[in-house]
Amino acid sequence: MIEVRQLSRHYGALKAVQDVSFSIDRGEIVGLLGHNGAGKTTIMKMLTGYLEPSAGSIQIDGLDIAEQRREAQRRIGYLPENCPLYPEMTVLDALDYQASLLGIPIERRPAAIRRAVERTELGPKATATIGTLSRGYRQRLGVAQAILHEPRILILDEPTNGLDPAQIQHMRALVRELAREATLIISTHILQEVEAVCGRVLIMRSGRLALDSRLDAIGGRPRLLVTLDRGPDEALPVLSALEGCGAVTVLETKDGVRRRFALETEDAPALAPRVARTACERGWSLYALETERQDLEALFGAVTLERMEVPHG
């Protein structure tokens, strides 16, 4: 459905996107993550044909966007982060105007507009002018414009921005419904949104693709995290020799005294008391003993902050 190969975009010396490749199949819901300036919006603009790559290729539903841009764009619905709207128009006027831009035949427009209004729950504000709408309703109008022509691919930048908790729940349900017929890319800073609706995540860092993983593959076997007042030379041989302990990784040094280690294990609850007992017997100060968090937030932090780890054992 979407094929991206060695995609790059440069602004003079600034390399906004560098050598990014990925493919997305029909019906997938993919979260595009990264800190501000990581390259997310640049990638979305290139995918939608609003920005030309400096290098690389993009195929949308088998169409090369460089050669068949208009045809490819007809298959895409796009919600930019700051959706441009005309404040003097009513909601229905805006949707009718968007329908004309999308080339929807006049006889099909009323049904298309009605369906988009129903799916985004815009009915109470259908005749209101856009200038009077709250940010949440403006966001819903942006989504309605994006889905008006029932595209095969939807690219949504911060779709729940400005929505209240009830509206967020509705937006999640709408995203799942849309995925039955379309492929979705969702960019957001709210990691809970990705965990709630996405099946896969792409994490950008400094213009490069740092991680491409299915959400159900994130985590794996949790590690036991231990913080001691001993250095690696003294602690590693002892920790590695404990029953049930596999490889030991030195994570970081805190305040020049405390050192943090990660212990691979099949059974963290069983290993924890052995670590505590050993530290007590040797007179070590045990500052912390906990199971490592295995969620998207922890992974995002590790990937984007480039935490350095030195494995041993």
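Q139 sits in helix α5, which spans residues 135-147; helices here are DSSP runs of H or I with at least four residues, strands are runs of E with at least two, and both are numbered from the N terminus. The model is a predicted one, in which local features need pLDDT of at least 70 and side-chain atom pairs count only at pLDDT 80 or more, while totals for chains, interfaces and linings use all residues. Residues are numbered from 1 along each chain as its sequence is written, and side-chain values use heavy atoms, with hydrogens and water left out.

Setting aside neighbours within four places in sequence, Q139 is in contact (heavy atoms within 4.5 Å) with L79, L163 and the run D157, E158, P159, T160 and N161.

Turning to the nonpolar cores, these are sets of buried Ala, Val, Leu, Ile, Met, Phe, Trp, Tyr and Cys residues joined through side-chain atoms within 4.5 Å. The largest one counts 48 residues, and L33, L141, L184 and L296 have the most contacts inside it. Helix α5 is its top contributor, giving 6 residues. Domain 1 (2-75 + 151-217) and domain 2 (87-141) each supply at least three residues to this core, the bounds coming from an automatic or database domain assignment. Another core, of 28 residues, lies apart from it and includes V20, L32, A38 and I185. As for L33, its contacts beyond four places in sequence include L296 and F300, along with V201, L202, I203 and M204.

Then there is the sheet: an open one of 6 strands, ordered β6-β7-β8-β3-β9-β10, with mixed pairing (two strands pair if DSSP finds at least two bridges between them). Strands β6 (76-79) and β10 form the edges, each pairing on one side only. Neighbouring strands are turned by 15° against each other on average, direction ignored. Helix α10 (residues 296-304) packs on this sheet and touches β3 (29-33), β9 and β10, its direction making about 30° with that of β9; axes are lines fitted to C-alpha atoms, for helices over the stretch in contact, and angles run from 0 to 180 degrees between N-to-C directions.

At the β10 end, β9 (residues 200-205) and β10 (residues 208-214) pair in the antiparallel sense over 6 bridges. R200 stands opposite R214, and in the hairpin, with 2 residues between the strands, S206 takes a positive phi near 55°.

Terms used: Buried < 20%, exposed > 50% of the residue type's maximum accessible area, 1.4 Å probe, protein only.
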